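I opened the notebook with a few simple look-ups in mind. Here is what I wrote down as I went.

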Amino acid sequence: MHMIKWALLLSGFWLLLSGYFQPLLLSFGAASVLLVLYILHRMDAADKEPKLVSTGYRMGLYLAWLIGQIAKSSLHVVKLVWGNPKKLSPALATIPIKNIPKSRHVLYANSITLTPGTLSVDIEDDEITVHALEAESINELKNGDMENKIRQIWGND
């Protein structure tokens with residue numbers, strides 16, 4: 001069942017990004033989805049940890065929250081870039097990941113990267129190295145608001 005979910009997700013994503021519906025291009029899309037499904041199947045067999053597609057309530061909450069964060073941060077970055085350049089204070093810092101299970105570290109790092117003005121550079125053990133256009137963004141991450149929100153939505157599993 002989980003491979004069917006992956007097939008639907010990958011096919012939908014491919015169609016969304018390509019936007020082409022000619023037979024040749026659809027066949028290339030189908031071939032690429034089949035190749036990814038084959039690799040995913042092999043990876044699941046090798047490490048005995050199937051990568052499940054998360055659907056439902058949690059995913060909806062997470063996406064709604066993340067889109068809101070992206071919009072809010074985009075406006076803030078526009079103000080920074082178009083405003084006084086002296087307000088820019090690029091910073092690089094290591095942020096501890098205290099309360100997020102190891103299975104959610106990449107989700108947290110990607111959430112940081114998707115939010116304009118911040119970029120996850122490295123994940124090592126229980127720390128993420130983050131670059132930000134403004135030092136205040138680093139402080140917000142250190143306060144743990146994003147970490148707490150991800151833990152609140154996804155739990156400790």
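Patches first: I join residues with over 30% relative accessible area and no salt bridge, like charges within 9 Å and nonpolar side chains (Val, Leu, Ile, Met, Phe, Trp, Tyr) within 5 Å. A salt bridge here is a side-chain nitrogen of Lys or Arg within 4 Å of a carboxyl oxygen of Asp or Glu. Accessible areas are Shrake-Rupley values with a 1.4 Å probe, and for residues only the protein chains shown count as cover.

Ground rules: I am working on a predicted model, where local features need pLDDT of at least 70 and side-chain atom pairs count only at pLDDT 80 or more, while totals for chains, interfaces and linings use all residues. Residues are numbered from 1 along each chain as its sequence is written, and side-chain values use heavy atoms, without hydrogens and water.

Entry 1, the patch. I found Leu 35, Tyr 38, Ile 39 and Met 43 making a nonpolar surface patch of about 400 Å². Tyr 38 sits in helix α2 (residues 23–47); helices are DSSP runs of H or I with at least four residues, strands are runs of E with at least two, and numbering starts at the N terminus. I call a residue buried under 20% relative accessible area, exposed over 50% and partly exposed in between (1.4 Å probe, protein chains only). Tyr 38 counts as partly exposed because its relative accessibility is 47%.

I noted 6 helices and 3 strands, in the order α-α-α-β-α-β-β-α-α from the N terminus. Of the 157 residues, 27% count as buried. The C-alpha atoms fill a box of roughly 55 × 35 × 25 Å along the principal axes.

Which loop holds Asp 125? I placed Asp 125 between β2 (118–124) and β3 (127–132). Asp 125 has a positive phi of about 55 degrees although it is not a glycine. For context, most residues other than glycine have a negative phi. Is Asp 125 buried or exposed? Asp 125 counts as exposed, because its relative accessibility is 58%.
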